Amino acid sequence: MKDARPRKRSLTLQGHRTSVSLEDAFWDELQALAEERGLSVNALVAEIDAARGVSAGLASAIRVHILQALKDG
């Protein structure tokens, strides 16, 4: 099993650096989804960020996006 502790990584969103903490399994799936869509991880996260609204944190929005993508298969 991969490390279940969140790992912080830096991203650039709207020209600003930010950091997001996700477990390795989510980072791996995020990278795979970005590659499938021909996007960088930053670009995919920017799309997720734009769609999340103000009620969800960015890390939570990323996890939910990944879960939905996997369910949609």
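Let me start with a single residue. Asp 24 is buried, at 12% relative accessibility; by the cut-offs used here, buried means under 20% relative accessible area, exposed means over 50%, and partly exposed lies in between, with a 1.4 Å probe and protein chains only. Please bear in mind that this is a predicted model, in which local features need pLDDT of at least 70 and side-chain atom pairs count only at pLDDT 80 or more, while totals for chains, interfaces and linings use all residues. Residues are numbered from 1 along each chain as its sequence is written, and side-chain values use heavy atoms, with hydrogens and water left out.

What does the side chain of Asp 24 meet in a salt bridge? The partner is Arg 7, with an N to O distance of 2.7 Å. The term salt bridge denotes a side-chain nitrogen of Lys or Arg within 4 Å of a carboxyl oxygen of Asp or Glu. This pair connects distant parts of the chain, 17 residues apart: Asp 24 belongs to helix α1 (residues 24-36) and Arg 7 to strand β1 (residues 7-13). Helices (H or I, at least four residues) and strands (E, at least two) are DSSP runs, numbered from the N terminus. Arg 7, for its part, is partly exposed at 37%.

A search of the whole structure finds 4 salt bridges, and I shall describe two further examples.

Glu 23 pairs with Arg 63, their closest N and O atoms lying 3.1 Å apart. Here too the link is between distant parts of the chain, since Glu 23 sits in the loop between β2 (16-22) and α1, and Arg 63 in helix α3 (residues 58-72), 40 residues away. Glu 23 is buried, with a relative accessible area of 17%, whereas Arg 63 is partly exposed at 23%. Which residues surround Glu 23, leaving aside its neighbours within four places in sequence? Those in contact with Glu 23 (heavy atoms within 4.5 Å) are Asp 3, Ala 4, Arg 5, Pro 6, Arg 7 and Arg 63.

The next example joins Glu 47 and Arg 37, whose side chains meet at 2.8 Å, N to O. Because Glu 47 lies in helix α2 (residues 41-51) and Arg 37 in the loop between α1 and α2, the pair ties together parts that are 10 residues apart in sequence. Glu 47 is partly exposed at 38% relative accessibility, and Arg 37 is also partly exposed, at 46%.

Thank you for your attention.
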